[in-house]
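Work through the exercises below with the structure open. Each task is followed by its solution in steps.

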Amino acid sequence: MQILLVEDDLPLATGLQSILCKHGYVVNHVENGKDCLHAINTQPPNFVILDLGLPDMDGLTVLKHIRHKIASLPVLLLTARDSISDKVAGLDSGADDYLAKPFEINELLARLRVFERRISKVESTLITVGDVSLDTASYEVRLKGVLQELSRKEFLLLKNLMINTGKVLTRNTLQSQLYSWGEEVASNALEVHIHHLRKKLGSDFIKTIRGVGYKLQKSP
Ligand code: CA
């Protein structure tokens with residue numbers, strides 16, 4: 001899942017970005033409302049974490065613009081203002097959820113998992129395709145019940161393919177879910193990860209759709 005983090009508090013943003021990355025999210029960070037709206041227009045994310053107190057625009061105004069552009073995009077508001085009226089205003093402006101600073105990272109992670117399930121329409125944290133099962137909460141992947149060692153990128157890639165079983169995912173889509181903006185990526189990086197996944201999970205598990213991308217076959 002690709003997250004757009006809109007936060008002008010740089011130490012907080014950097015900390016969140018690194019923790020969320022470790023938990024398997026791709027996070028792109030912007031510091032103000034203008035850059036947020038530009039990102040929404042050009043490279044829409046799957047999820048937005050939006051600070052209400054931004055230097056250039058009021059967070060609620062940013063939220064209204066986001067809603068106008070992509071009505072269904074989930075937005076979680078972050079704010080230092082822990083008052084009922086702010087919470088009500090945020091939710092009335094179309095926010096899906098709300099966290100008051102300071103918050104526990106585990107609470108944020110739990111809420112992200114709820115959204116992830118909603119977006120992917122996967123009801124539980126356990127996704128199973130054929131002999132492979134993946135748990136989005138414990139980050140465990142098993143082949144016929146046997147735990148497999150996957151790198152973080154391999155896990156991310158596999159999760160994205162499993163959530164979208166039966167659909168062809170293009171190289172561009174897979175890459176945007178794997179790397180944040182500006183991250184150095186070798187041109188064959190995706191192929192290398194696919195190669196490693198096939199070695200671990202069986203050569204037939206991931207199908208190549210020539211010239212397009214990859215897909216997982218639905219279990220018969
Ligand atoms: Ca702020």
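**Exercise 1.** Is Asp51 buried or exposed?

Solution. The model is predicted: local features need pLDDT of at least 70, side-chain atom pairs count only at pLDDT 80 or more, and totals for chains, interfaces and linings use all residues. Residues are numbered from 1 along each chain as its sequence is written, and side-chain values use heavy atoms, with hydrogens and water left out.

Step 1: Buried means under 20% relative accessible area, exposed over 50%, and partly exposed in between (1.4 Å probe, protein chains only).
Step 2: Asp51 has a relative accessible area of 3%, so Asp51 is buried.
Step 3: Asp8, at 32%, is partly exposed.

**Exercise 2.** Find the protein donors of the calcium ion.

Solution.
Step 1: Donors are N, O and S atoms within 2.8 Å of the metal (3.2 Å for Na, K and Ca); water is not among the atoms, so sites may look incomplete.
Step 2: Asp8 (OD), Asp51 (OD) and Gly53 (O) lie 2.2 to 2.3 Å from the calcium ion.
Step 3: Along the chain, the spacing of these donors is D-x42-D-x1-G.

**Exercise 3.** Describe how helix 6 and helix 8 pack.

Solution.
Step 1: Helices are DSSP runs (H or I, at least four residues), numbered from the N terminus.
Step 2: Axes are lines fitted to C-alpha atoms over the stretch in contact (heavy atoms within 4.5 Å), and angles run from 0 to 180 degrees between N-to-C directions.
Step 3: The angle between helix 6 (residues 152-163) and helix 8 (residues 189-201) is about 80°, and their axes are 10 Å apart.
Step 4: Angles of 65 to 115 degrees count as roughly perpendicular, and helix 6 and helix 8 are therefore roughly perpendicular to each other.

Definitions and conventions
Helices (H or I, at least four residues) and strands (E, at least two) are DSSP runs, numbered from the N terminus. Angles under 35 degrees count as roughly parallel, over 145 as roughly antiparallel, 65 to 115 as roughly perpendicular and the rest as oblique.
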